[in-house]
Structure formats: C-alpha cells, structure tokens
Amino acid sequence: MIVITAPTGNIGRRLLSLLVEAAPAHGEELRVVVRDPARLPEAVRGRVEVVTGSHGDAATVERAFTGADAVFWLVPPDVSATPDEAYSGFTRPAARAFAAHGVSRVVGVSALGRGTPQAARAGLVTASLAMDDLIAGSGVAYRALANPSFFENLLEEADSIRENGVFTDTAAADRKAPMVATADIARAAAGLLLDRSWTGVGSVPVLGPQDLSPDDLARIMTEELGRPVRYRRQPLDEMRSTLLGYGLGEAFVEGMVDMKRAKDQGLDSGVDRSPQAGPATGFAQWCAQTLKPAVLATPEAADAH
C-alpha cells in the first residue's frame, strides 16, 4: 500500500496519475489523503482508497498509515505559521504514525542546501531540512527529494509577462542555479515509491537539466513566447513589504526573505550535477508547453483557470 499526501497539488496530482497507471503492475494498492475528495480527478476516484482529512492531523494519519508500506510526504504551505510550525510542527503526528504503524519507506519533498554555509539561515529551507531530520528520526527508510526552485513559480508572473514583458525575482541577474519542473519531481517520487529495494536515509537531488540565471530565463522566454521578456530584480525589502501587504504572516514572510537571500548567496549550488535518471524537462520545453498557454490566455481565461 502506497499512501499519497497532497494528491491534488502541482506535484501530487502528477504523481497520482503516474502511480495509478504503474502501481497495478507492481502489485501496489494506492491510498490518498485529501481534504476535499471532490478535487480528485474523476478518472482516479474509483482506483484509489480515499482518507478524508488533513495529513497534519493525528487521527487522520492514524487511519491513513494503517497497513501502509510507503508514503509520499509533502507539506502544504501555511502562510500563517512560523517556518518550524509549518514544516516540523505539521509533520510530527505523521512521524509518530510512521513508527507506530511500521511504515517502511517515506519519500518527502524537500529542498537543496544541506551541508552548505547558507543552510543554517535559509528560512523555509532550513525548516524543511529540519523536517527531514524529524522524519529520518522516526526509524523509516527515507529519501528527501532535494529540489531547487520550480519552473512553475513563473506562472505567478504570467500576467506581468503578458501585460508588461517583465518577470520579477530577487536573485542577481547573472546568478545561475538549478531549476526543475514539478513533473520531474513527480517522476522521481514515483520511481522511489515503486522500488522496494532501498533502505537507510538519504537525499536525491532533482536538479533539472541545466543551471539558469534570470537573464537566461528572460532570453529563453523571449525566444519561446515570441515577444520581448526582461528581468527585474526586486529588493528583498520590497518583497517583504509586498508579501506582508498580501496578509501573509510575518514569521512566514521572514522565512521567505531568508530563503531568497540564501539562494542568491549560492544555497542551491552545493550539489554537483550528475546524470539524472529518467527524462528531465528543459526550460524551453516547459515554456512552450506550460508558460506560453498561460501568457497567451486572455486575462478573463487566466482568472477563470
């Protein structure tokens, strides 16, 4: 039995689709933990067992992990909590349930940075790495998918790219770093969840095919979208004010700011790039398939989506 948390999110829905197709051939049954079962794709509802509730809730994970061999673990964002509460606080009931129910393997979504000088003051990333230690301490075999920033973060910039030809971040324009598509994270998770041979604790970097700077992203977007796109570097103080203005909690915002500062100082560059198992989505491919339709959509269609 494989349990999938957050099955309707960017990574989880892709993972669920992969496992629904592949699990029967591996003799695996699937169970999902979801707050609203109506959000599950109709095509998979009859092919998975559903536990309704939050996977941060002790009673829910007690039900969800009974009889489970493997678990996919992803913490949803909580902008009202401190970073430690959002990651380790949310995960503690699950860590106890992993041990109580003899779960063998856990695959978690985490971040790059372990072992780098920046990791101790990297805000949300520091909290994510502490969550990994908490899970590993439960006694399960654990693989943390160590991810850089996602391509999908740029979808938040689609309106600005459409209307102004500009996207914004806080890194130096020439700061090269790995980036990854969420589909590649899902593929890496599926491979580990279906493989019963691994043991122990470790991390699996999922880096995407190449390091890219904001200037590289602007150049590739210009080519793929057929319109000029330029990068604007946002000062951290401006980012802080903007996020606080949206109503995000102060502690969470400081965690975001610390993470962005650490990334600009090389947090994501501490892992040597090695050949990645399976296909890796290039940024140009992702732009053509995902970003371009979002940018070319009418504002009304984009809002509806």
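A residue counts as buried when its relative accessible area is under 20%. The structure described here is a predicted model.

**A buried arginine**

Take arginine 31, which sits in strand β2 (residues 30–34). Is arginine 31 buried or exposed? Its relative accessible area is 7%. The cut-off is under 20%, so arginine 31 is buried.

What lies around arginine 31? Leave aside its neighbours within four places in sequence. Arginine 31 then contacts Met1, Ile2, Val3 and Ile4, along with Glu49 and Val51. Arg63, Ala64, Phe65 and Thr66 are in contact with arginine 31 too. Threonine 66 also makes a polar approach: its backbone oxygen is 2.8 Å from a polar atom of the arginine 31 side chain.

**Two nonpolar cores**

In soluble globular proteins, nonpolar side chains tend to be buried together. Here the largest nonpolar core has 42 residues. Among those with the most contacts inside it are Val3 and Phe65, and both of these residues also touch arginine 31. Trp73, Phe98, Val103, Val106 and Ile135 belong to that list as well.

Helices α3 (58–65), α4 (83–100), α5 (124–136), α9 (236–245) and α10 (250–264) each give at least two residues.

Look at isoleucine 135. Beyond its neighbours within four places in sequence, isoleucine 135 is in contact with Trp73, Thr91, Phe98, Val106, Val140 and Tyr142.

A second core is separate and has 32 residues. Ala23, Val44, Ala189 and Leu194 are included in this second core.

Strands of a sheet pair through backbone hydrogen bonds, either parallel or antiparallel. The table sets out the two pairings.

| Strands | Sense | Bridges | Facing residues |
|---|---|---|---|
| β7 (residues 149–150) and β9 | parallel | two | phenylalanine 150 and valine 180 |
| β9 and β11 (residues 211–212) | antiparallel | two | alanine 177 and leucine 212 |

Strand β9 covers residues 177–180. Which way do its residues point? Ala177 and Met179 point one way, while Pro178 and Val180 point the other way. All four are buried.

Technical notes: Residues are numbered from 1 along each chain as its sequence is written. This is a predicted model: local features need pLDDT of at least 70, side-chain atom pairs count only at pLDDT 80 or more; totals for chains, interfaces and linings use all residues. Side-chain values use heavy atoms; hydrogens and water are left out. Buried means under 20% relative accessible area, exposed over 50%, partly exposed in between (1.4 Å probe, protein chains only). A polar contact is a pair of N or O atoms within 3.5 Å; within protein, one must be able to donate a hydrogen and the other to accept it, and residues adjacent in sequence count only if both atoms are side-chain atoms. Contact means heavy atoms within 4.5 Å. A nonpolar core is a set of buried Ala, Val, Leu, Ile, Met, Phe, Trp, Tyr and Cys residues joined through side-chain atoms within 4.5 Å. Two strands pair if DSSP finds at least two bridges between them.
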